[in-house]
Amino acid sequence: MVSEYKQAKEKLLAAFDNDCRQFFVKNGYMLENAYCELLSDNISKAKNLFAVLKDNDIRAHWAYCMISMIENNIREYPSYFELRNFLEIDLNILINYFKGDYVESIIRYSDFMYTINPEVYKFIGRVFYNNGLKEQGIFFLERAKNYFYHDPELHFLIAYIYYNNKDFKRAEKALTDCLYILPAYFPAVDMLKKIKMLSC
């Protein structure tokens, strides 16, 4: 049963099909079934399923709040940990399922979500960049820098993007900022060494 569940969940995350939905329904996996309904554009049905679970399941509570953002009708707030644990994952799922309108609706609430968790812009920027939306990714990462400057991981992420684009000058600047905040941050120290070797 566990391996069947894992296979069905992988299908849901990678390429939704009716087999995994039938598995979730048949075996009483209401949360996963609710996500199937969301990805099939059955918003009301998904929200009703999440509503049943939300008081005892933080993932369901987050998903309920996320649907409220999609509907532009927020009645409950997501928590700091819900945003930290689920925002990036679910944006990634929605992008992979070509639900750009849902993503856009959620992103409209980025300033609101930032008041709950200051790392929100970083999460959004990273998921955009990882899905090939480089300009949008950089936009949100730079925005994150303006709001949450003292995050070494953020500066390293920006450096990583510039490094991969062979923009070593900007990468070095981002690494310098990172190491100013956390001098012993090994990934930044290592990348800076590589850049200096390339400059020789």
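A residue is called buried when its relative accessible area is under 20%, exposed when it is over 50%, and partly exposed in between, with a 1.4 Å probe and protein chains only. The model is predicted, so local features need pLDDT of at least 70 and side-chain atom pairs count only at pLDDT 80 or more, whereas totals for chains, interfaces and linings use all residues. Residues are numbered from 1 along each chain as its sequence is written, and side-chain values use heavy atoms, with hydrogens and water left out.

## Overall architecture

The chain contains 13 helices and zero strands; helices (H or I, at least four residues) and strands (E, at least two) are DSSP runs numbered from the N terminus. Its C-alpha trace spans about 60 × 35 × 30 Å along the principal axes. Of the 200 residues, 47% count as buried.

Contact denotes heavy atoms within 4.5 Å. Among the contacts in the chain with a separation of 6 or more, 49% come from residues 24 or more positions apart. The chain exposes about 11,000 Å², of which carbon and sulfur atoms supply 54%; these accessible areas come from the Shrake-Rupley method with a 1.4 Å probe, and for residues only the protein chains shown count as cover.

## Charges and salt bridges

The chain carries 25 positive and 26 negative side chains, and the centres of the two sets lie 4 Å apart. In this count Lys and Arg are positive and Asp and Glu negative, while His and the chain ends are not counted; each charge is placed at NZ of Lys, CZ of Arg, CG of Asp or CD of Glu.

Side chains of opposite charge can pair when their charged atoms come close. A salt bridge here is a side-chain nitrogen of Lys or Arg within 4 Å of a carboxyl oxygen of Asp or Glu, and by this rule there are 19 salt bridges. One of them joins Arg-84 and Glu-119, with an N to O distance of 2.4 Å. Arg-84 lies in helix 6 (residues 80-96) and Glu-119 in the loop between helix 8 (110-114) and helix 9 (120-130), so this pair ties together parts that are 35 residues apart in sequence. Arg-84 is partly exposed, with a relative accessible area of 40%, whereas Glu-119 is buried at 10% relative accessibility.

## Further pairs and a network

A salt bridge also forms between Glu-153 and Arg-126, whose closest N and O atoms are 3.2 Å apart. Because Glu-153 lies in helix 11 and Arg-126 in helix 9, the pair ties together parts that are 27 residues apart in sequence. Glu-153 counts as partly exposed at 32% relative accessibility, and Arg-126 as buried at 17%.

The side chains of Glu-172 and Lys-196 meet in a salt bridge with an N to O distance of 3.8 Å. This pair links distant parts of the chain, with Glu-172 in helix 12 (residues 168-181) and Lys-196 in helix 13 (residues 186-199), 24 residues apart. Both residues are partly exposed: Glu-172 has a relative accessibility of 28% and Lys-196 a relative accessible area of 45%. Salt bridges that share partners join Arg-84, Glu-88, Glu-119, Lys-122, Arg-126, Asp-151 and Glu-153 into one network.

## Helix 11 and Asp-151

Asp-151 is found in the loop between helix 10 (134-147) and helix 11 (152-164). It is buried, with a relative accessible area of 8%. Apart from neighbours within four places in sequence, Asp-151 is in contact with Glu-119, Lys-122 and Ile-181.

The expected span of a helix is 1.5 Å times one less than its number of residues. The 13 residues of helix 11 should therefore span 18 Å, which agrees with the 18 Å between its end C-alpha atoms. Its buried residues include Pro-152, Leu-154, His-155 and Phe-156, and the buried residues of helix 11 pack against helix 9, helix 10, helix 12 and helix 13. Not counting residues up to four places away in sequence, His-155 touches Lys-145, Tyr-149, Ala-174, Asp-177, Cys-178 and Ile-181.

Pro-78 lies in the loop between helix 5 (58-70) and helix 6 and is buried, with a relative accessible area of 4%. Leaving aside neighbours within four places in sequence, Pro-78 is in contact with His-61, Trp-62, Cys-65, Met-69, Leu-83, Phe-112 and Ile-116.
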